[in-house]
Amino acid sequence: MAELEDALPVDPGGLRHHVAILKRDGRLVEADLGFEVAFGTGESEEHRSEECAFAIRPATQGDFSGLLGAIRRVATEKPDIVAETVADLIDREEVLLRHNEVESRMFFVATVDDEVVGWVHLRAPELDKLAHTAKLTVGVLPEYRRCDLGSHLLERGVAWAREQGYEKLYNSVPATNEGAIEFLSARGWETEAVREDHYLIDGEYVDEVMMAVWI
């Protein structure tokens, strides 16, 4: 609180009063780095499979380094242009969650022993004509895919999107990423379009597969 009072040129007494109200109403929560805006995203969910135990929860700013590293590792292992773009964006802005007049951005993470091992990301432009849609990406570190983390992350992301009023989700991947295409297809996603030679990866042209699901 002292750092917040120093950073904002307002009366300290009034600041403490308003912070107390925001905390009471569930709009502001205390975190390791100070205060964070509460996005109304729910609590941590504990899961256990035959292979491992893990938790899925809303990301916080404290997850920044671990999440960025996980996204970059997955995107490098099997080219995922959208995931690379997400990583570059949060690396540049140094902010995970966002909700303003331009866009909404939400992350959920999967953790094992407090280490980020997977994520689901949703991003939506604040445009009236696209207000029913959002883009989704999901990824899991290779050594944890046997735990069925991806399915739980996808379910959490879709549930959040539905609660927020979105009706349709999109995901675009290179055609060479057969695993991602099979994963989404098995869960009801359909290929809406294929853009031929859309990517240039390692000197070769690769199609983009554009997938979507109504929720």
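Is Asp91 buried, exposed or partly exposed? Asp91 is partly exposed, at a relative accessible area of 36%. Here, buried means under 20% relative accessible area, exposed means over 50%, and partly exposed lies in between, with a 1.4 Å probe and protein chains only.

A word on the model. It is predicted, so local features need pLDDT of at least 70, side-chain atom pairs count only at pLDDT 80 or more, and totals for chains, interfaces and linings use all residues. Residues are numbered from 1 along each chain as its sequence is written, and side-chain values use heavy atoms, with hydrogens and water left out.

Now salt bridges. The rule asks for a side-chain nitrogen of Lys or Arg within 4 Å of a carboxyl oxygen of Asp or Glu. The count is ten.

Asp91 pairs with Arg72, with the closest N and O atoms 3.3 Å apart. Asp91 sits in helix 4 (residues 81-93) and Arg72 in helix 3 (residues 64-77), 19 residues apart. Helices are DSSP runs of H or I, at least four residues; strands are runs of E, at least two; both are numbered from the N terminus.

Next, Lys168 and Glu192. Their closest N and O atoms are 2.7 Å apart. Lys168 is in strand 9 and Glu192 in strand 10, so the bridge ties together parts 24 residues apart in sequence. Lys168 is buried, at 9%. Glu192 is partly exposed, at 43%.

Shared partners also join Arg72, Asp88 and Asp91 into one network.

Last, Asp63. Asp63 bridges to Arg57, with the closest N and O atoms 2.8 Å apart. Asp63 is buried, at 8% relative accessibility.
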